[in-house]
Structure formats: C-alpha cells, structure tokens
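The following exercises are to be worked with the sequence and the model at hand. Each task is followed by a solution in steps.

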Amino acid sequence: MNWQLTRGEKIFQTLNALVLGVIAVSMIYPFIYIISISLSTPAEASRGGLHLFPREISLAAYKLVLSDSAILAGFGNSTLRMVLGTTLTLVATCLAAYPLARPGMPHRGLLTFLILFTMVFTGGMVPNYLLIQELGLLNSRWALILPVMITAFNVIVVKNFFQAIPESLWESARIDGASEWTILFRIYIPLSGPVLATVALWTMVFHWNSWFDAMLYITDDSKQVLQIFLQRIVVDNATEALETGVSSDQASSFTPETIKAATVVVTLVPIMLVYPFLQRFFTKGIMLGSVKG
Amino acid sequence: MAQVLIRDVVKVYPGNVTAVKGINLDIADGEFMVLVGPSGCGKSTTLRMTAGLEEISDGTVSIGPRIVNDVPPKDRDIAMVFQNYALYPHMTVYKNMAFGLKLRKFPKPEIHKRVTDAAEILGITPLLDRKPKALSGGQRQRVALGRAIVRDPSVFLFDEPLSNLDAKLRVETRAEIKRLHKRLATTTIYVTHDQEEAMTLGDRVCIMSEGLIQQCDTPLAVYERPVNRFVAAFLGTPPMNFIDGRLTPQDGGLWFTNDHGVKIKLTGHHAELAAGKAGQDVVMGLRPEGMFMRPGAFAQNEEQTLDMTVDVIELLGNTMDVFLSNAGGDLATARVKAEELAEGTPLKIHLDISKIHLFEPGKFGQNITLPETVAAVPG
C-alpha cells in the first residue's frame, strides 16, 4: 500500500511514537539498571548517573547470593510452589470449565453466576486466615497452593475457549464412542494449548512473585519462598546475613547495592525464561483444518 | 445394515418452538433417503434426533429392531459425516479414522486393516500421516467419509456434507458418495438444502417444510407429480412458474383464465380432475422446460398458448433461460434451445400440457391435477 499521510497524521504518528518510546524506556531502563548494578564492581555501582552497561564486570554478588543456603532453599520452595500450583490449577480449572462449557449442563447459568460472584465479592484477609488456620494448613506449603488453586477468572477464560471449540467435534467424538472424560482429555485439552499456556503463565508468574500469603501463613524458614528473602534483603537491608563468614578480601568485591541487585535478578530470571518455552502455544491456528470456517 | 423407522416424531425446543411436528418416515434397509428443504424446515433436527444428538420430545425412532430414543449415540451403530468435517485437528488422518475403533477396543491389526482399506477406497492413502490443516477441503471431506466407513455402521447419517465445497468438487464428491453407497449398500440418511443434490443422490427424496414432510417419493415422482405448490416450487432449476387464475367452463370445455388475458384450454386428465373445481380460483404451475417458442411435438394446440414479451435472456450454452412477462404482470421463465432472440420481442409461448399442474391457492395449495392415490400419500 502506498498513500500520502496528511500533516495531521504525521504529527499524530510522531507524537504516538514519542509517547510510546518514553513508556518503553521507562519500563526497560529499571531492568537494565538492576542488571548493570548486579554485575558491577563496588566502585562502579556506587557511581551516580545512568547505568546501562557495567564498565568493570564482577560476578562476586551473584556468587554470594547463589551460595546462600537460605536463598537456595527459597528457590526450591518457590519452584515447588510454582510447579505444583500451576499443575493443580490447570487440572482443576479444566475440570471446572468443561461442564460449564457444555450446553446440556443443568443449571449452567446459575453455576456460572456463583463462580463469577466470587470475582467481585471475597471473604477478605481475616476470614481467609481463619479458614487456613481451621483447616490446619498454617505453616504448610499447601496454604500457598490450595486457596488459589482455582480462580473464577481462569475458569471463565478457559470455559470461553472451550465454548469456541466447534460443537461438531464434541458430537463427532460422542458418536465415535468417547466418554466426557475422553473428550476433555483427548480432544478439548490438546486443542486448548493457547489458553492453557496463557493460564499457566499467569499462574506461574503469580506463584513465583507471591509474597504476602507466604508472609501470613509460613513461619518456618525452611518452607519460606524466595520472595520473602528478597523482601528481607531489598526492603529490610538484611544483606549482613549473606555476608556472614565472608573474608574481608571477598567483602570488598560487593556492596549491599550489588547484592540487592543480584538477588532481584536471580529471582527474575527463572520466570523470564519460562516465556519462550510457552510462546509457541500462543500462536493462533491450532484449530486450523478441523472444521470449515 | 438396518431399516430406520421414524414414528410421530416431535421436537420442541425451549421457548415452545416446535421444529418437527410429528413426522413419520420409513427408510428401508440399504435405502438412500435424502431429506431436503429450506433452512428451518426440520431436516437437520430430524437427522440429529436419529443420531441421538437431540432429545426426542415425542414419538419414536427405531434403528433395526430396537427403539433408540434413550440409546446414547455411540450405541446406535451409526456414523455421521458433518457439514464442517469435524476432524480432530491435532490428530493425523490415520488417527482421526482410527479414533472410533480404538475407543471401541478393536485389536490394532483390525484397526490398521480397516483404516487402510477405507483409505484405499477413498484414494487418501498418501494422506494418512497428514494433519487436517494440510488437506484441501475435498480431501478433508473424504477423510470425514473415511472416518464414517471404517466403523461399518448400520446407518450413515450425512448432514449437508458438501455445502462447504466449491461447485466442481461438490459434483465430484457427490458422485463419490453415490459410488460408495452402491458399494456398501448401507442405509443412508442424507440432509441437504440443495435440490440438485437431493435429486441426484436419493433413492427417495423427502421434502420438508415448517417441520412437516410435504412429500416423500422417488426423485422423478416428486419432480413430475408434486403433491402441493411448495414441493413444485422447491424442485427444479429454474423453478416452476406460477400464474394465478381460475377454472372457467366455456364452450363445453374447461379453461384456465385470468384477467390478464391468459386463456388455456385444459384437456385430458387435467380437465377431468379439475372438473369438480370449476369456477374456483387456482394457480397454474408450468415447468420452464414445458414452454416452447413455436409449436412442436409436445405443444401443438393453439388453445394452449401464452402471449408474453421477452424481458431478459440468460444464455447457458446450448440452452437459454428466457424471462417473460405479460401486460398484467404475470411472470414466467422458459428454458429453450439457444437461438438469436431480442429482448422486448413479443412471443406466443406454446405449452406442453403434460407439464402443467393446477394447485389450490396458497403456499401449500394441493395439486388438484394428481390422481387421489398420489395426493393422499404425502409422507
């Protein structure tokens, strides 16, 4: 296509690019800054001004952070929480969404309403805490997984995706002799890669970044998640614990700032690595060829 | 194989919408029955009730010796081909065809044999490892056919399977379905809205409208002896022409006349059967191929002509459709041999009286020129 832009359109496009550029920079710069600081020597890190690339690279802060047993335990706990939590969320969400997506389900409208209701009105922090306590889940890893295992929003999103799968596939499978379980696990779920990848990513990010519930329900440090340690280091400046037993020679190769930055990067990278693996599911067209449309 | 009996079947949807109003249909073992009609006539609903995909509000459907109203689709011994193919997109062609057999726990060698045999019959052997997205529309529909035939069911159900194909492919696949039916001789119920498909495929054609069967008979019978105006109008391309008028006794004979100067002498069985309706309003139906621009072997009688003017001509190769009108606004289309003809030319159209029908007024007006034995058996 080739057409002439009017003056107004040119101005609009320039302004558009400018505003979006500023927003993009304001988002990307903190990342670059933290990565740059985490890789810098103490002298370089304490220098003011813009930090885009470290002029003198030092991995001392990373070595310190990754050799800390509490952080490594947090890493393990967060990973366990993320993997188990996401798996259970996907299974439970599909099991809830499938019957709600079926036209023949009795009282489907009422059930959907009741689920939607929980999106708007929730018990709140204190009732939730009391419930967890009554269930005997305090200081248990299940307290971080079960209460958030199934959310109304995820159920509605998956339900809507299931409803977009042509009804004729369900009918065809029924005539082929498939039970509802077979249809769900062998037809619907394999066709729902995009939505399940999306829900999985949301859930993984949620579990990885969650801090507040762990602070409320977990008292034992051996069960504590990574974000709690990050909070202690970044917000409470508790870098001394990491520096315990470090020689004075080594201590001169990092500062509290580089330790904080390295901890932030260590907690960020795993979840950022997940995205490329899930990206292929986001591509559209999985239904291509199934039905004419 | 099995016969299918549909008895007083009614389908009422929520909101008290009645889609099927108590139909009766006997489909013989090995018969190819086509249900045809306009959108919303109840043909697909009837098929889906037979498949078990819709609940039956009243009446019974039997496949073979048993009533299947409460039998789930998988236990009805049927296979269905859908309009939109309904192939499982994440499975290869082989797995699509094998899926139903696998669920029925057929041994692997048997599954392999059935799938490869069906693929051979349909010429899709080279496609077995492909996924549906790598197939053309025609290939997908053949896979859908293959998925149905591997099951070796008692009844095949087709729900407008050719609607999504282009015209050329539709004709080819139609012939393939016909060949397949001859080879397998399985009882088949085929739903379409395309009257050409219905006429070419069916052993019998069942024309439906407004939830009722209007007529069910062989393709030739429904075309030549339509029981009412709806059936007459639905079948044929171009459709039958209709001219409003009345039966007028005159000069010792019975004439079809109207105020626009139309005056046609009824002879033979038309005059006999319409004699009792003299003086009444009727609608005359004329097939386009029963109208000629000059007298001939089938249209010799000068008292069976229409004075009309050529409005538009559509050339179709060796034939042409001539759209005609008269001063009173009566319209007609004649399909005649192609020749030089100018628009605006006045013509005396000669009628083949054997192709004329007289109907009572109204959309479903009965054909009064049929022997009573034919008119009394609509379903």
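A polar contact is a pair of N or O atoms within 3.5 Å; within protein, one atom must be able to donate a hydrogen and the other to accept it. The model used throughout is predicted.

**Exercise 1. The interface of chain A and chain B**

Task: Determine how many residue pairs are in polar contact across the interface of chain A and chain B, and which helix gives the most to the side of chain A.

Solution. 
Step 1. Across this interface, nine residue pairs are in polar contact, with both residues at pLDDT 80 or more.
Step 2. On the side of chain A that touches chain B, α9 (167-176) and α10 of chain A each supply at least two residues. The most comes from α9(A), with eight residues.
Step 3. In terms of contacts, 22 residues of chain A meet 28 residues of chain B.
Step 4. About 2,200 Å² is buried between chain A and chain B, and carbon and sulfur atoms give 62% of that area.
Step 5. Two salt bridges cross the interface of chain A and chain B. Glu171(A) and Arg48(B) form a salt bridge through their side chains, at 2.5 Å from N to O.

**Exercise 2. Helix α2 of chain B**

Task: State which residues of helix α2 (residues 93-103) of chain B are buried, and what the buried residues of α2(B) pack against.

Solution. 
Step 1. The buried residues in this helix are Val93(B), Asn96(B), Met97(B), Ala98(B), Phe99(B), Gly100(B) and Leu101(B).
Step 2. Within chain B, the buried residues of α2(B) pack against α3 (108-122) and α4 (137-149). They also pack against α9 and α10 of chain A.
Step 3. After α2(B) comes Lys105(B), with a positive phi near 60 degrees.

**Exercise 3. Aromatic pairs**

Task: Classify the pair of Trp181(A) and Phe185(A) and that of Phe158(B) and Tyr190(B).

Solution. 
Step 1. A pair of aromatic rings is described by the distance of the centres and the angle of the planes. Over all chains, the structure holds 18 aromatic pairs.
Step 2. The ring centres of Trp181(A) and Phe185(A) are 5.9 Å apart and the planes lie at 10 degrees; the pair is therefore stacked, the cut-off for stacking being under 30 degrees.
Step 3. Both residues belong to helix α10 (residues 180-191) of chain A and are four residues apart, about one turn of the helix. An α-helix has 3.6 residues a turn, so residues three or four places apart point the same way.
Step 4. With a relative accessible area of 58%, Trp181(A) is exposed, whereas Phe185(A), at 40%, is partly exposed.
Step 5. Phe158(B) and Tyr190(B) have 5.5 Å from centre to centre and 35 degrees between the planes, and this pair is tilted. It links distant parts of the chain, with Phe158(B) in strand β7 (residues 155-159) and Tyr190(B) in strand β8 (residues 187-192) of chain B, 32 residues apart.
Step 6. Phe158(B) and Tyr190(B) are buried.

**Exercise 4. Charges over rings**

Task: Identify the ring over which the charged end of Arg102(A) sits, and the ring whose face lies under Lys263(B).

Solution. 
Step 1. The charged end of Arg102(A) is placed over the ring of Trp170(A), 3.8 Å from the ring centre.
Step 2. Lys263(B) lies over the face of Trp255(B), and its distance from the ring centre is 4.7 Å.

**Exercise 5. Backbone exceptions**

Solution. 
Step 1. Most residues other than glycine have a negative phi, and most peptide bonds are trans.
Step 2. Pro238(B) belongs to the loop between α8 (229-234) and β11 (241-250) of chain B.
Step 3. Asn139(A) has a positive phi, near 60 degrees.

Note on methods
Residues numbered from 1 in each chain as written. Chains lettered and ligands numbered in written order. Predicted model: local features only at pLDDT ≥ 70, side-chain atom pairs only at ≥ 80, totals over all residues. Heavy atoms only, no water. Phe/Tyr/Trp six-rings, centres within 6.5 Å; stacked < 30°, edge-to-face > 60°. Buried < 20%, exposed > 50% of the residue type's maximum accessible area, 1.4 Å probe, protein only. Lys NZ or Arg CZ within 6 Å of the ring centre and 35° of its normal. Contact = heavy atoms within 4.5 Å. Buried area = accessible area lost by both parts, 1.4 Å probe. Salt bridge = Lys/Arg side-chain N within 4 Å of Asp/Glu carboxyl O. Polar contact = N/O pair within 3.5 Å; in protein donor to acceptor, adjacent residues only side chain to side chain.
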